[in-house]
Amino acid sequence: MKDRLREKLRDFSQIPPLPESVNSVLVAIRDPRVSAKDITEMIAHDVSMSSKLLKVVNSAYYGYRGKITSVTHAIVILGFNTVKNLILGLSMYSLLEKLKSTPEFDVKSFWVHCVGVACASKVIALEMGRKDKEELFTYGLMHDIGKLAMLALAPDLFLSLVRESKQRGIPFYQIEIEREVLPHTSIGYDLFVYWKMPEELIEVVGYHHDQDLIARKDNVRWVYWADQLIRTMGIGDGGDGNVITLDLEGVMGTEWERIKEKVSQELEKAQVFIEFLRGM
Ligand SMILES: [Fe+2]
Ligand SMILES: [Fe+2]
């Protein structure tokens, strides 16, 4: 029984694949032989991708309201790295769009959790003096992708874990351990290896509940803190009624309230990411 479930949770052919265009852009970005100009053209040719991209870059998030008119322009102004991260983030929609909410698990509240963790990861990275803060936004946005994959592959199992963790007030990952099921971190890790996502992103997805990696790796630790911060702020629903397992004042000291304030401001600007889900 358990083996069959494990197989099911690894059968990624059952997950809606990344749209072909997203996939080829992601592959091209990693290929040093493909020029920035070629990639720009690939994005520009995909109407759905380029319109989403232009919507984000013209939103309050970047502050260029209505001034960026083309993909080339976006890359010139924001840089290639930022645009790459945006495309990675937008690739999540292909999975989200296919999933349905149930009384115990609301896909939109979960997405709000993800956008919240993205903002908090970025703020924390900035506080720590990290320059590539956009990367942290993407890592935060996608940290719990394994939960969505689990919902897509084994909905009964996923919803029963959600129900139990909410009823007992115990974090989702602890219920996974108790029930000895393949955890969302492993599923997310395997899925992102399968989708050939960047290594650092895979690491965050796979280890954001692993205390050893949390202690050793900045990215993993910041996303873990961000997850806890967003829960404390009561933003969205991570699938377990936002149980908190870390004393944030203990790790952030007196800076804690100021950081919370910054996260709220960042989230305000990032509304465009949440709005994508409206009209679904
Ligand atoms: Fe998680
Ligand atoms: Fe989370």
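Biologist: Which helix holds Ser165?

Modeller: First, this is a predicted model, where local features need pLDDT of at least 70, side-chain atom pairs count only at pLDDT 80 or more, and totals for chains, interfaces and linings use all residues. Residues are numbered from 1 along each chain as its sequence is written, chains are lettered from A and ligands numbered from 1 in the order in which they are written, and side-chain values use heavy atoms, with hydrogens and water left out. Helices (H or I, at least four residues) and strands (E, at least two) are DSSP runs, numbered from the N terminus. Ser165 sits in residues 155-168, which form helix α11.

Biologist: Is Ser165 buried or exposed?

Modeller: Buried means under 20% relative accessible area, exposed over 50%, and partly exposed in between (1.4 Å probe, protein chains only). The relative accessible area of Ser165 is 0%. So Ser165 is buried.

Biologist: Which residues is Ser165 in contact with, leaving aside its neighbours within four places in sequence?

Modeller: Contact means heavy atoms within 4.5 Å. By that rule, Ser165 is in contact with Ile170, Pro171, Phe172, Ile175, Gly239 and Asp240.

Biologist: Where is His184 found, and is it buried or exposed?

Modeller: His184 belongs to residues 184-194, which make up helix α13. Its relative accessibility is 1%. His184 therefore counts as buried.

Biologist: Which side chain does a polar contact join to that of His184?

Modeller: A polar contact is a pair of N or O atoms within 3.5 Å; within protein, one must be able to donate a hydrogen and the other to accept it, and residues adjacent in sequence count only if both atoms are side-chain atoms. Residues that His184 touches include Asp144, Phe172 and Glu176, not counting residues up to four places away in sequence. The polar contact spans 3.3 Å, and the partner side chain is that of His209.

Biologist: How many disulfides are there?

Modeller: A disulfide is a covalent bond between the sulfur atoms of two cysteines. Here the rule is a pair of cysteine sulfur atoms within 2.5 Å. The sulfur of Cys114 has its closest cysteine sulfur in Cys119, 11 Å away, so it is too far for a bond. The count of disulfides is zero.

Biologist: Is Cys119 buried or exposed?

Modeller: Cys114 has a relative accessible area of 1%, so it is buried. For Cys119 the value is 0%. Cys119 is therefore buried.

Biologist: What is the area buried between domain 1 and domain 2?

Modeller: In contact are 15 residues of domain 1 and 15 residues of domain 2. Buried area is the accessible area (1.4 Å probe) that two parts lose on being put together, summed over both. Carbon and sulfur atoms give 61% of the total, which is about 1,400 Å².

Biologist: Which residues of domain 1 lose the most area to domain 2?

Modeller: Together they make up 45% of what that side buries. They are Tyr61, Asn85 and Leu88.

Biologist: What is the phi of Lys196?

Modeller: Most residues other than glycine have a negative phi. Lys196 lies in the loop between α13 and α14 (199-207), and is exposed at a relative accessible area of 53%. Although Lys196 is not a glycine, its phi is positive, at about 55°.

Biologist: Is Asn242 buried or exposed?

Modeller: Asn242 also has a positive phi, of about 55°. The loop that holds Asn242 runs between α16 (218-232) and α17 (248-252). With a relative accessible area of 14%, Asn242 is buried.
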